[in-house]
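Please read them alongside the sequence and the model.

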Amino acid sequence: MDVMWFYDDLEELEEWQTFRREAQQVEKEHLEIRVALRDAEAALRAAPGNEDLGDRVQQLKEKLEELEKRAPWISADVPLEILLWGVPHG
């Protein structure tokens with residue numbers, strides 16, 4: 001007998017919603033850092049001798065690295081939610 005896969009399985013839906021609530025804050029922080037880093041790098045390209053901008057870029061890169069160590073799933077090639085709740089292969 002084959003196992004059926006139901007997208008509306010209540011228990012898995014609750015787990016998914018819990019995961020998303022917890023992950024949203026991390027995703028928001030990750031996006032804010034990436035946008036600030038993009039802007040700082042663009043400003044640094046426009047003014048390559050500006051040490052303050054260079055320090056800011058380095059600081060943002062370190063912050064991004066810390067966040068990715070704390071939540072490695074955020075920059076993974078395959079999103080974690082696909083591995084956990086995606087349709088099984090085969």
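1. The side chains of E29 and R70 meet in a salt bridge, with N and O 3.1 Å apart, a salt bridge being a side-chain nitrogen of Lys or Arg within 4 Å of a carboxyl oxygen of Asp or Glu. This pair links distant parts of the chain, since E29 lies in helix α1 and R70 in helix α2 (residues 51-70), 41 residues apart; helices here are DSSP runs of H or I, at least four residues, numbered from the N terminus. E29 is partly exposed at 27% relative accessible area, whereas R70 is exposed at 55%, where buried means under 20%, exposed over 50% and partly exposed in between (1.4 Å probe, protein chains only).

2. The model is predicted, so local features need pLDDT of at least 70 and side-chain atom pairs count only at pLDDT 80 or more, while totals for chains, interfaces and linings use all residues. Residues are numbered from 1 along each chain as its sequence is written, and side-chain values use heavy atoms, leaving out hydrogens and water.

3. The whole structure holds five salt bridges. Among them, E27 pairs with R20 at 2.8 Å between the closest N and O atoms, and E65 pairs with K69 at 3.6 Å. E65 and K69 both lie in helix α2, four residues apart, about one turn of the helix; E65 is partly exposed at 45% and K69 is exposed at 63%.

4. I33, in helix α1 (residues 10-46), counts as buried at 5% relative accessibility. Leaving aside residues up to four places away in sequence, I33 touches L60, K63, L64 and L67, contact meaning heavy atoms within 4.5 Å.

Terms used: Helix = DSSP H or I, 4+ residues; strand = E, 2+ residues; numbered from the N terminus.
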